[in-house]
Amino acid sequence: MQIVSPHDVDQLERGARVDLSLLCEVRQGTRPWKVARLEDLSPGGFRIAWLPDAREDMPLRIRIPGLQMLNARICWTSGNTIGCAFAEPLHTAVFEHIARAAA
């Protein structure tokens with residue numbers, strides 16, 4: 001059983017979000033992995049600055065340094081910028097680790 005503090009619940013409910021600049025790798029389908037800049041992160045999703053030819057109908061996989069590969073779906077695009085939702089939200093400790101590492 002996972003114990004979640006009231007502070008963690010408050011942060012998640014308010015949509016904890018961090019601005020950062022971190023290189024990661026993304027891939028759709030069998031296309032090659034591409035380097036992209038992760039610019040915004042929340043437990044539920046992220047924004048990357050560049051992914052030309054992104055298709056909203058295809059799942060996306062992301063490799064953030066130090067973590068296992070994560071699955072996501074594209075929610076919106078604006079130019080080459082895309083916003084994605086994780087298939088499973090990040091655990092609070094994982095989110096906080098990424099935020100600290102990118103600071």
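Is arginine 17 buried or exposed? Arginine 17 is exposed, with a relative accessible area of 51%. The cut-off for exposed is over 50%. This residue returns below, in a salt bridge with aspartate 40.

## The model and its confidence

This is a predicted model. The mean pLDDT of the chain is 84. A value of 70 or more is reached by 85% of the residues.

One stretch calls for care. Over residues 1-14, pLDDT stays under 50. For that stretch the model has seven contacts beyond four places in sequence. Where pLDDT is low, the predicted coordinates should not be read in detail.

## Overall layout

The chain has 103 residues, and 34% of them are buried. Its secondary structure comes to two helices and six strands. Along the sequence, the pattern reads α-β-β-β-β-β-β-α.

Take the contacts with a separation of 6 or more: 51% of them join residues 24 or more positions apart. The chain exposes about 6300 Å². Carbon and sulfur atoms supply 52% of that area.

Strand 2 covers residues 34-42, and strand 3 covers residues 45-48. The two pair in the antiparallel sense over four bridges. They form a hairpin, with two residues between them. Across this pairing, leucine 41 stands opposite phenylalanine 46 of strand 3.

Strand 3 also pairs with strand 6, residues 81-86. This pairing is antiparallel too, over four bridges. Here arginine 47 has glycine 83 in strand 6 as its bridge partner.

## The end of strand 2

Leucine 41 reaches well beyond its sequence neighbours. Leaving aside residues within four places in sequence, leucine 41 is in contact with Ala16, Arg17, Val18, Leu20, Phe46, Phe86, Leu90, Phe95 and Ile98.

Serine 42 also lies in strand 2. Serine 42 is buried, at a relative accessible area of 7%. Beyond four places in sequence, its contacts are Ala16, Arg17, Phe86, Leu90 and Phe95.

Isoleucine 62 sits in strand 4, residues 60-63. How accessible is isoleucine 62? Its relative accessibility is 0%, so isoleucine 62 counts as buried, the cut-off being under 20%. Isoleucine 62 and valine 26 are 36 residues apart in sequence. In space, their C-alpha atoms are 4.4 Å apart. Beyond four places in sequence, isoleucine 62 is in contact with Cys24, Glu25, Val26, Leu38, Phe46, Gln68, Met69, Leu70 and Phe86.

The largest nonpolar core has 23 residues. Val26, Leu38, Leu41, Phe46, Ile48, Leu60 and Ile62 touch the most other members. At least two residues of this core come from each of strand 1, strand 2, strand 3, strand 4, strand 5 (70-78), strand 6 and helix 2 (92-102). Strand 1 gives the most, with four residues. In soluble globular proteins, nonpolar side chains tend to be buried together.

## Salt bridges

How many salt bridges does the whole structure hold? A search finds four. One of them joins the side chains of aspartate 40 and arginine 17, at 2.3 Å from N to O. Aspartate 40 lies in strand 2, and arginine 17 lies in the loop between helix 1 (6-13) and strand 1 (18-28), so the pair ties together parts that are 23 residues apart in sequence. Aspartate 40 is buried, at 5% relative accessibility, whereas arginine 17 is exposed at 51%.

Arginine 63 forms a salt bridge with glutamate 25, with the closest N and O atoms 2.8 Å apart. Arginine 63 belongs to strand 4 and glutamate 25 to strand 1, so this pair ties together parts that are 38 residues apart in sequence. Arginine 63 is partly exposed at 31%, and glutamate 25 is partly exposed at 29%. Another salt bridge joins arginine 55 and aspartate 57, with the closest N and O atoms 2.8 Å apart. Arginine 55 is partly exposed at 37%, while aspartate 57 is exposed at 57%.

Definitions and conventions
Residues are numbered from 1 along each chain as its sequence is written. This is a predicted model: local features need pLDDT of at least 70, side-chain atom pairs count only at pLDDT 80 or more; totals for chains, interfaces and linings use all residues. Side-chain values use heavy atoms; hydrogens and water are left out. pLDDT is the predictor's confidence in each residue, from 0 to 100. Contact means heavy atoms within 4.5 Å. Buried means under 20% relative accessible area, exposed over 50%, partly exposed in between (1.4 Å probe, protein chains only). Accessible areas come from the Shrake-Rupley method with a 1.4 Å probe; for residues, only the protein chains shown count as cover. Two strands pair if DSSP finds at least two bridges between them. A nonpolar core is a set of buried Ala, Val, Leu, Ile, Met, Phe, Trp, Tyr and Cys residues joined through side-chain atoms within 4.5 Å.
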